[in-house]
Amino acid sequence: MSRATDALTINQLLGRIVYFHALFIEPSLRPGPPPEPGPVCCNHGPAPGRRTTVGELLQDSAWAALGEVAATLPAHHQPCPKSARSCCATCRVAAAAAAVAGGWAQTEYRTFQHTEPAETLLRSCGLAAAVRLGRAFAAQHAASCPELDRLTVPEALPGAEELPLTGELLALWADPTATASHPVASWLNHCTGLDDIRRVLETRRTDS
């Protein structure tokens, strides 16, 4: 795959996150607490290196949209306590991805199951997204990050039949290059809100 095709695929997948968030998730969000500080990024840790910074890579990048989506999820968004343009760009992307997946999973679970999800589910979704999106960013920009290297994807993750939006997000980013020659299309494209998705899920459960 060429670098141009790779960038086009990444932009398509980032655009899908923004679109689904604006259409499905944001209208259903409940008020949350202010964002709690997260762990320090590797540029501000006890043994900081000189890695690619937010100011160098994210300001005018399509990846910046991921941070904007994460900022609407205060209960899940946990930026570096020293959050600044000098933060590690890869750490920033991973933290934003974790917030998005955790926030989506909680919102979907509340809507479809009518209960609160287990914290382990939210952590697993967030960790998987942090690893998968973080690795895609690091590979695209040759921006290695020791904090990202320490993370592993959990074995048990919700599928698209349980949490359609979160499940699709995690599946698409497991191998972003697989979408390069195939536009992303699913039954979600025909829904206009979480209630539509819930009705489809309930129909499938009844028919099964």
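Student: In which helix is P146, and what makes that stretch a helix?

Tutor: P146 sits in helix α6, residues 146-149. The stretch gets that name because a helix here is a DSSP run of H or I with at least four residues, a strand is a run of E with at least two, and numbering starts at the N terminus. Before we go on, note that this is a predicted model: local features need pLDDT of at least 70, side-chain atom pairs count only at pLDDT 80 or more, while totals for chains, interfaces and linings use all residues. Residues are numbered from 1 along each chain as its sequence is written, and side-chain values use heavy atoms, with hydrogens and water left out.

Student: Why is P146 called partly exposed?

Tutor: Its relative accessibility is 24%, so P146 counts as partly exposed. The cut-offs are under 20% relative accessible area for buried and over 50% for exposed, with partly exposed in between (1.4 Å probe, protein chains only).

Student: Which residues does P146 touch, leaving out those up to four places away in sequence?

Tutor: They are C42 and R51, where contact means heavy atoms within 4.5 Å.

Student: How many helices and strands does the protein chain have?

Tutor: There are eight helices and zero strands, and the pattern along the sequence reads α-α-α-α-α-α-α-α.

Student: What makes the protein chain as compact as a globular protein of that length?

Tutor: The radius of gyration is 17 Å, close to the 17 Å that the globule rule gives for 208 residues, so the chain is as compact as a globular protein of that length. The radius is taken over C-alpha atoms, and the rule is 2.2 Å times the number of residues to the power 0.38. Along the principal axes, the C-alpha atoms fill a box of roughly 55 × 40 × 30 Å. Of the contacts with a separation of 6 or more, 81% join residues 24 or more positions apart, and 46% of the 208 residues count as buried.

Student: Which residues have the most contacts inside the largest nonpolar core, and what makes it a core?

Tutor: W63, L66 and W173 have the most contacts inside this core of 55 residues. A nonpolar core is a set of buried Ala, Val, Leu, Ile, Met, Phe, Trp, Tyr and Cys residues joined through side-chain atoms within 4.5 Å. At least two residues of this core come from each of α1 (3-25), α3 (64-70), α4 (89-113), α5 (119-141), α7 (164-174) and α8, with α4 giving the largest share, twelve residues. Setting aside residues up to four places away in sequence, W63 touches a list of residues including I10, L14, V93, F137 and W173. In soluble globular proteins, nonpolar side chains tend to be buried together.

Student: How do you know that α7 is largely enclosed by the rest of the structure?

Tutor: Nine of its eleven residues are buried, so α7 is largely enclosed by the rest of the structure. Among the buried ones are P164, G167, E168 and W173.

Student: Is R198 buried or exposed?

Tutor: R198, in helix α8 (residues 194-207), has a relative accessible area of 19%, so it is buried. Beyond its neighbours within four places in sequence, R198 is in contact with T111, F112 and H114.

Student: And is H114 buried or exposed?

Tutor: H114 has a relative accessible area of 58%, so it counts as exposed. This residue is in the loop between α4 and α5, and its phi is positive, about 65°, although it is not a glycine.

Student: Why is A142 called exposed?

Tutor: At 69% relative accessibility, A142 falls in the exposed class. A142 belongs to the loop between α5 and α6 and has a positive phi near 50°, again in a residue other than glycine.

Student: What makes H76 buried?

Tutor: The relative accessible area of H76 is 18%, so H76 is buried. H76 is in the loop between α3 and α4. Leaving out residues up to four places away in sequence, H76 touches A99, G102, G103, Q106 and L122. The C-alpha atoms of H76 and Q106 are separated by 9.7 Å, and the two residues are 30 apart along the chain.
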